[in-house]
Amino acid sequence: MSAHQAASAKLSSELDGNRVNEIRSWLIGAVAERARLRAGDIRVDEPIHRYGIDSLERVNLTYQLECWIGFEVNEATLADLETIAEVAIHLARLESARGK
């Protein structure tokens, strides 16, 4: 396990694992739809851009994510955090801090 994976696992264990999984599943579905792939073909540890998600798609994805999750998501989040796993953990942490 890489240092990056270990850090992600530690962060995930500090959060509500069910919520992290819900967010991760939503992201997998959204990326799969845009990439025209099956959800099973999407790896949560691969950079999102590898699935052809360009800046315009990232903006659209961010908007749909905001509608689904119920709070504003900085579009740069999807650019700065490379993988679905990282984004899911980050959003679960933000949601937890908001008291949801």
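Residue A85 lies in helix α5, where helices (H or I, at least four residues) and strands (E, at least two) are DSSP runs numbered from the N terminus. The model is predicted, so that local features need pLDDT of at least 70 and side-chain atom pairs count only at pLDDT 80 or more, while totals for chains, interfaces and linings use all residues. Residues are numbered from 1 along each chain as its sequence is written, and side-chain values use heavy atoms, with hydrogens and water left out.

At 15% relative accessibility, A85 counts as buried; this term denotes under 20% relative accessible area, whereas exposed denotes over 50% and partly exposed the range in between (1.4 Å probe, protein chains only). With neighbours within four places in sequence left aside, A85 is in contact with R24 and V44, contact being defined by heavy atoms within 4.5 Å. The C-alpha atoms of A85 and S25 are separated by 9.8 Å, although these residues stand 60 apart along the chain.

The chain as a whole contains 5 helices and 0 strands, and its elements follow the order α-α-α-α-α from the N terminus. Of its 100 residues, 39% count as buried. Among contacts between residues at least 6 apart in sequence, 60% join residues at least 24 apart.

Helix α5 comprises 14 residues and spans 20 Å from its first C-alpha to its last, close to the 20 Å expected at 1.5 Å a residue; the expected span is 1.5 Å times one less than the number of residues in the helix. The buried residues of α5 are I84, A85, E86, V87, A88, I89, L91, A92 and E95. One of the residues of α5 is A88, which is buried with a relative accessible area of 0%. Apart from its neighbours within four places in sequence, A88 is in contact with V20, I23, R24 and L27. A88 and W26 are 62 residues apart in sequence, and the distance between them is 9.2 Å, C-alpha to C-alpha. After α5 comes G99, whose phi is positive, near 85°.

The largest nonpolar core has 25 residues, and those with the most contacts inside it are I23, L27, V31, I42, I48, I84 and L91. Such a core is a set of buried Ala, Val, Leu, Ile, Met, Phe, Trp, Tyr and Cys residues joined through side-chain atoms within 4.5 Å. Two or more residues of this core are given by each of α2 (17-35), α3 (55-69) and α5 (84-97). The largest share, 9 residues, comes from α2. When residues up to four places away in sequence are not counted, I23 touches W68, I69, A88, L91 and A92. In soluble globular proteins, nonpolar side chains tend to be buried together.

The axes of α2 and α3 come within 11 Å and cross at roughly 140°; axes are lines fitted to C-alpha atoms, for helices over the stretch in contact, and angles run from 0 to 180 degrees between N-to-C directions. The crossing of α2 and α3 is right-handed, a term used if the near helix is turned clockwise from the far one by less than a right angle, with anticlockwise giving left-handed. On the α2 side, the contact is made by R19, E22, I23, W26, L27, A30, V31 and R34, and on the α3 side by E57, N60, L61, Q64, L65, W68 and I69. These residues divide into 9 nonpolar, 2 polar and 4 charged. In this division, Ala, Val, Leu, Ile, Met, Phe, Trp, Tyr, Cys and Pro count as nonpolar, Asp, Glu, Lys and Arg as charged, and the others, Gly among them, as polar.

R19 lies in helix α2 and is buried, with a relative accessible area of 16%. Its contacts, neighbours within four places in sequence aside, are W68, I69 and E95. R19 and R93 are 74 residues apart in sequence and 9.7 Å apart in space, C-alpha to C-alpha. R36, in turn, is found in the loop between α2 and α3 and counts as exposed at 77% relative accessibility. Its phi is near 55°, a positive value in a residue other than glycine.
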